Amino acid sequence: MYAQMIKTASNSVKSRDEMSPEEAAFQDKIDNDIKIEPRDWMPEDYRRTLIRQIGQHAHSEVVGQLPEGNWITRAPTLERKMILLAKVQDEAGHGLYLYSAAETLGVSRDEMVEMLHEGRMKYSSIFNYPTLNWADIGAVGWLVDGAAIVNQVALQRTSYGPYSRAMIRICKEESFHARQGYHAIMKMAFGTPEQKKMAQDAVNRLWFPAIMMFGPNDSESTHSEQSMAWKIKVKSNDELRQQFVDQTVPQIEYLGLDLPDPGIKWNEERGHYDFSDPDWSEFFNVIKGNGPCNVDRMNARVKAWEDGQWVRDGLMEHARKRATRKVAAE
Amino acid sequence: MAVDKDKLLQFLLRIGDSTLVLSHRVSEWCGHSPILEEDIALANTALDLIGQSQMWLGYAAEVQGEGKSADDLAFLRDAWDFRNVLLTELPNGDFGRTLLRQFLFDAFQSVLMGRLIKSSDETVAGIAAKASKEVAYHVERSADTVVGLGDGTEESHKRMQQALEYLWPYVGEMFESDEVDAAMAEAGIAPDPASLREEYDALVGRVLAEATLTIPEGKFAHKGGRTGYMHTEHLGHLLAQMQWLQRAYPGCEW
């Protein structure tokens with residue numbers, strides 16, 4: 001979700017007969033909902049898949065600062081500015097826990113950052129869309145964090161201990177963000193005609209990108225089976241997407257906004273809302289780097305990293321000097 | 001004794017506008033800092049500064065007595081009504097300059113807040129007590145970073161020395177005294193800023209020496225921010241961005 005299209009490193013799910021004793025013991029733990037911890041034995045493919053997934057999630061939190069940061073200096077009140085700053089600060093904090101969780105698998109944060117900058121690791125497609133009016137900030141909190149929560153609540157039960165614990169902590173903050181986002185957009189939907197127009201514009205633009213966050217339809221999602229067996233993934237893309245649509249449509253209606261998709265209709269028989277499939281060619285284009293903001297987002301991150309090199313070098317050198325002086329003094 | 005309301009208002013705006021404008025500058029870093037921990041720290045600093053602005057400007061609006069709010073003061077005044085010191089409105093420059101500016105301001109705030117907690121005005125004393133905890137942390141952090149970068153690599157040292165050359169002429173304004181300050185001092189609300197200089201110089205001198213940086217010799221000080229007489233060209237752009245929504249869509253609730 002913040003981790004999409006994660007390729008499971010192995011090609012197919014092994015049957016019990018094909019498993020080595022170590023693999024069988026590992027699978028037993030997972031089947032019995034016993035968490036896998038950093039020092040436990042794990043299949044190499046499990047480790048590699050998790051690094052991709054957690055790393056992508058961490059990168060999403062970090063890149064996600066940019067579309068929201070875009071409005072910090074233009075927030076309309078002191079209180080809204082504080083709420084937004086606190087939220088972005090939380091996201092950066094999530095990035096930190098997640099990088100730490102990934103580091104327990106034997107990869108460093110610097111290596112992951114390098115892979116991101118070289119395009120060898122990705123971040124969620126949603127952050128390649130622009131934030132164009134102030135209501136987008138409400139909509140990002142409500143729809144984007146809302147979609148993230150649906151996925152991350154499920155991931156609290158994921159099999160890898162450090163990831164699961166990070167998710168539990170992150171979910172608490174995300175729910176707070178989603179509520180604040182909804183509150184911000186509510187003010188606008190019930191405000192002046194111009195404010196309502198901003199709210200509608202934000203919902204129209206962000207709806208499909210938000211439901212694309214869950215990744216392709218299950219029929220197209222080729223890497224899920226092994227991830228499900230390992231409980232790296234807990235629910236399917238389509239299940240999660242349906243859950244999100246079901247919880248969000250009544251919220252849009254409460255705001256008195258037009259539904260962003262004419263295909264949204266309550267289906268009595270299924271007990272769920274029907275909705276239109278997003279334009280998946282757009283999704284794959286964004287993943288390939290052709291989204292509205294891909295180039296700008298990556299340039300901004302690379303620039304921050306390169307401009308900051310002298311700072312990191314300076315502080316490291318100072319720490320080295322201090323350590324040397326301390327030794328000399330002893 | 002009763003203090004002149006307008007003078008008290010000016011005094012409050014000088015602090016509240018300085019924290020507001022600086023918080024804006026610091027928040028510009030969001031997502032662009034050298035390392036993730038710094039993104040968090042800068043957002044946190046900006047957040048504290050806005051919180052302080054809310055208190056100072058909230059009290060300023062109350063003293064003004066025109067039924068305005070802290071938001072009205074922040075978003076609906078033009079540059080000539082802003083009373084922040086020039087130091088706070090200067091562009092960020094590189095990360096080193098941003099942190100050095102922060103330190104030069106934090107050091108002033110730490111000395112000032114230490115005095116204001118004993119203010120004869122209870123509201124001022126209360127706000128200062130709350131802010132002083134944050135300020136103590138800010139000055140510790142910005143001082144550590146200034147030392148780390150000043151006494152780091154050759155390049156980081158050079159950049160920090162250049163930043164100091166650029167920023168130092170804006171330090172003096174914080175210690176200027178005029179009739180507003182005289183009235184505050186007389187009423188026991190706030191110290192005469194000139195009286196803070198010695199303590200400030202001792203603190204800043206110690207940290208900059210540890211950072212192996214050389215304080216420029218020139219005594220010249222740019223001024224005009226705290227009186228509103230002449231801001232830099234930068235403030236207008238900052239306000240155009242900060243106030244845009246409130247100006248374009250007046251009277252909305254957000």
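In which helix of chain A is Asn237(A) found? Asn237(A) belongs to helix α10, which covers residues 237–255 of chain A. Before we go further, please keep in mind that this is a predicted model.

Is Asn237(A) buried or exposed? Its relative accessible area is 6%, and because buried means under 20%, Asn237(A) counts as buried. Apart from neighbours within four places in sequence, Asn237(A) is in contact with Phe214(A), Gly215(A), Pro216(A), Asp218(A) and Ser221(A).

Now step back to chain A as a whole. The chain is divided into domain 1, residues 16–290, and domain 2, residues 292–329. Taken over C-alpha atoms, the centres of domain 1 of chain A and domain 2 of chain A are separated by 29 Å. In the contact, 17 residues come from domain 1 of chain A and nine residues from domain 2 of chain A. Together, domain 1 of chain A and domain 2 of chain A bury about 1200 Å² between them, with 65% of it on carbon and sulfur atoms. On the domain 1 side of chain A, Leu66(A), His117(A) and Asn128(A) lose the most area to domain 2 of chain A, together 42% of what that side buries.

What holds for polar pairs here? Several helices of chain A, namely α2 (44–63), α3 (65–69), α5 (109–117) and α11 (280–290), each supply at least two residues of the side of domain 1 that touches domain 2. Among these, α5(A) gives the most, with four residues. That side of domain 1 of chain A has eleven nonpolar, five polar and one charged residues.

Finally, look across to the partner chain. Here 48 residues of chain A are in contact with 48 residues of chain B. The area buried between chain A and chain B is about 4200 Å², of which carbon and sulfur atoms give 69%. The rule finds four salt bridges across the interface of chain A and chain B. One of them joins Lys321(A) to Asp151(B), with the closest N and O atoms 3.1 Å apart. Between chain A and chain B there are also 15 residue pairs in polar contact. Helices that each supply at least two residues of the chain A side include α7 (161–189) and α13 (309–329), and the largest share, 14 residues, comes from α4(A). By class, the side of chain A that touches chain B has 23 nonpolar, twelve polar and 13 charged residues.

Terms used: Residues numbered from 1 in each chain as written. Chains lettered and ligands numbered in written order. Predicted model: local features only at pLDDT ≥ 70, side-chain atom pairs only at ≥ 80, totals over all residues. Heavy atoms only, no water. Buried < 20%, exposed > 50% of the residue type's maximum accessible area, 1.4 Å probe, protein only. Contact = heavy atoms within 4.5 Å. Domains from an automatic or database assignment. Buried area = accessible area lost by both parts, 1.4 Å probe. Nonpolar A, V, L, I, M, F, W, Y, C, P; charged D, E, K, R; others polar. Salt bridge = Lys/Arg side-chain N within 4 Å of Asp/Glu carboxyl O. Polar contact = N/O pair within 3.5 Å; in protein donor to acceptor, adjacent residues only side chain to side chain.
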